[in-house]
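Me: Hey, I've got a structure to get my head around. Can you walk me through it?

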Amino acid sequence: MAGLLVEPVRVLLADDQEKVRSALKLFIEQEGAFVVVGEASTASDLLYNVIKTNPHIILLDWELPGMPDSPQRLSPLRLVAPDVKIIALSGVPEARRSALAEGADGFVSKSEPPENVLRALYFAYDKV
Amino acid sequence: MTLLPAELNLTDLFAVIVDAVVACDERQRILLFNKSAEQIFGYTQDEVLSQPLDVLLPERFVEVHRRHFAEFAASPVASRAMGERRPIYARRKNGEEFPAEAAIVKLERAEERLFIVLLRDITQRQRIESELRAQAQQAAVAAERSRLARDLHDAVTQTLFSVSVIADVLPRIWERDPEEGRRRLKELRQLSRGALAEMRTLLLELRPSALMEANLSDLLRQLAASVNSRSGVEVDVQIEGETELSPDVKVSLYRIAQEALNNVAKHSNASHAQIMLTVRPTNNGLAGRQVHLVINDNGCGFDTTISKPTHIGLDIMRERAAAIGAQLDIRSAIGAGTTVHVEAVL
C-alpha cells in the first residue's frame with residue numbers, strides 16, 4: 001500500500017451536475033490522501049481532462065452525458081487511459097451489475113452513505 | 001360462365017355461414033334461422049320460426065327497431081348496415097344482451113318483400129379490443145412512471161446525494177474553519193430547499209389536478225427553484241398584478257414556462273433566466289384582463305428559422321398557447337439568448 005508520505009492520489013471528478021462535483025471535491029479532499037486534479041461535466045470534457053491531468057482514479061457518473069451506451073460505455077476512456085481506475089457513481093442502484101461487467105473498478109450508488117465513496121477510493125488506491 | 005344448379009338450396013348455403021342469418025317477411029315473422037344464428041342466440045330454428053323478430057332484441061330497442069325496419073322497407077334502398085356509428089345490441093334466449101354488427105338486405109318479388117339480416121356477435125372482439133386498450137393504457141402508465149423515476153434520479157437523487165456528502169464532512173470542516181463551515185451550512189440549506197422544490201415539482205406530474213388548485217405565482221416560484229436546483233441556472237421570478245386565473249389558463253401558462261425552462265436548462269448553456277408574469281386590466285377600457293408571460297435567458301440562443309426535432313418543446317408551447325387563445329412569440333438568435341413571450345386577453 002502506498003504510504004501517506006508519498007504524493008496524494010490524483011482523482012478526476014466527472015459528473016454533469018456542478019453541485020455534485022463541488023460536494024465530492026470537498027468530501028474527498030478532506031481525507032488528505034486524495035487531491036482532485038480535474039472536473040468534467042461531459043464525455044468530451046472527461047477525455048480532455050484525462051489526457052491533461054493524468055489522474056490515478058476517475059469518479060465517474062455512470063450516466064454522464066455524451067458517453068456511449070452500454071456495453072461500450074468505457075471504450076473511449078480506455079483508449080486514452082487503459083490503466084486508470086474507474087469508480088462508477090450512479091443515481092440508479094441497478095446500474096451496478098453492468099458497470100462492473102464493463103470494467104469499472106468499483107461502483108457506488110448515490111443512495112448509499114457517502115463513506116462508501118471513500119471506501120471505494122481506498123480500495124482503488126490500494127491498486128494504484 | 002357456370003350456371004347455378006337449379007336444385008341449389010340456399011338454406012344449405014346459409015347453414016355454413018359464420019354470421020347469423022335470419023330471414024323474415026314484411027311483418028317481421030322469422031322465416032329462416034341458420035346454424036350460426038342458433039349458436040349465437042341459443043334458440044333452435046323451430047323455436048323461432050314464425051315468431052316476430054322482436055324476440056331477438058332487448059325490449060328497450062323493440063320500438064325503435066320496428067320504426068327503422070318500416071322506414072327501410074318503404075325506402076328504395078336495397079341494403080343497409082344497421083347502427084352505422086355504434087354497435088347494436090341483440091338478445092339471446094337466456095336474456096343476455098350482446099353487442100353485434102348487422103346488415104339488412106331487401107329482396108323484392110312482385111308484391112312480396114323478404115328481408116335477410118346478417119348478424120355477427122362481436123362480444124369477443126370488443127373484449128379483445130378493450131383488453132388491447134387496457135394494455136396500451138398500462139404501457140403508457142409504465143412509460144410515464146419510468147420517466148418520473150428517471151427524473152427523480154436526475155434531480156432529487158443528485159441533490160440529496162450532494163447534501164449527504166457535505167453533511168458528512170461538515171463537522172470536521174467546522175472544527176478546522178468555522179467560517180467555511182457556516183458557508184457550507186448555508187449551501188446545505190439551499191440544496192435541501194432545492195430538493196424540496198424539485199420533489200414538489202415532480203409530485204405535480206403525479207397529480208396534475210393539483211396544478212389547478214395552486215396559485216400560479218407559487219407554481220412559477222417553485223418551478224424556478226426546482227430548475228435552479230437541478231441545472232444550476234439562476235432563475236428570477238417577477239410577478240405583477242392579481243394572478244388568480246382560471247384553471248385552464250393557469251395550467252397552460254405553467255406548462256409553457258416549464259417547457260421554456262426545460263429548454264433553458266437542457267440546451268441554452270445559460271447562467272441566468274427570468275420569468276415575468278404581468279396581469280393587468282386591458283388598456284382599451286373594456287372589461288377583461290391582459291396576461292403577459294415572459295421567459296428569457298442569457299444563453300446561446302438558436303436560429304429560429306431552423307426547426308430542429310429537439311425543439312419539439314416549441315410545438316408543445318404553441319399548442320398550449322393556442323388552447324387558451326394566446327399569442328406565442330419566440331425570439332432568439334445565435335449568441336443572443338432566447339425570449340418566449342405569451343400574451344392573452346381574458
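Me: Which helix do Arg147(B) and Asp151(B) lie in, and how many residues apart are they?

Reply: This is a predicted model, by the way. Both residues lie in helix H5 of chain B, 4 residues apart, about one turn of the helix. Arg147(B) forms a salt bridge with Asp151(B), and the closest N and O atoms are 3.3 Å apart.

Me: Is Asp151(B) buried or exposed?

Reply: Asp151(B) counts as buried because its relative accessibility is 13%, and the cut-off for buried is under 20%. Arg147(B) is partly exposed, at 30%.

Me: OK, and how far apart are Arg125(B) and Glu129(B)?

Reply: They are 4 residues apart, both in helix H5 (residues 123-176) of chain B, about one turn of the helix. Arg125(B) is partly exposed at 36%, and Glu129(B) is partly exposed at 35%.

Me: What about Glu97(B), which residue does it form a salt bridge with?

Reply: Its partner is Arg60(B), with the closest N and O atoms 2.7 Å apart. This pair links distant parts of the chain: Glu97(B) is in strand E5 (residues 97-109) and Arg60(B) is in helix H4 (residues 59-74), 37 residues apart. Arg60(B) is exposed, with a relative accessible area of 54%, while Glu97(B) counts as partly exposed at 33%.

Me: How many salt bridges are there over all chains?

Reply: A search of the whole structure finds 31. Between chain A and chain B the count is 1. That one joins Arg172(B) to Glu31(A), with the closest N and O atoms 3.4 Å apart.

Me: Changing topic: how many residues of each chain are in contact?

Reply: 19 residues of chain A are in contact with 22 of chain B. The area buried between the two chains is about 1800 Å², and carbon and sulfur atoms give 60% of that. In chain A, Lys19(A), Leu26(A) and Gln30(A) lose the most area to chain B, together 35% of what that side buries.

Me: Last one. How many residues of strand E4 of chain A are buried?

Reply: 6 of its 6 residues, 85-90, are buried. Lys85(A), Ile87(A) and Leu89(A) point one way, and Ile86(A), Ala88(A) and Ser90(A) point the other way. E4(A) pairs with strand E3 (residues 57-61) of chain A in the parallel sense over 5 bridges, and Leu59(A) stands opposite Ile87(A).

Definitions and conventions:
Residues are numbered from 1 along each chain as its sequence is written. Chains are lettered from A and ligands numbered from 1 in the order in which they are written. This is a predicted model: local features need pLDDT of at least 70, side-chain atom pairs count only at pLDDT 80 or more; totals for chains, interfaces and linings use all residues. Side-chain values use heavy atoms; hydrogens and water are left out. Contact means heavy atoms within 4.5 Å. Buried area is the accessible area (1.4 Å probe) that two parts lose on being put together, summed over both. A salt bridge is a side-chain nitrogen of Lys or Arg within 4 Å of a carboxyl oxygen of Asp or Glu. Buried means under 20% relative accessible area, exposed over 50%, partly exposed in between (1.4 Å probe, protein chains only). Helices (H or I, at least four residues) and strands (E, at least two) are DSSP runs, numbered from the N terminus. Two strands pair if DSSP finds at least two bridges between them.
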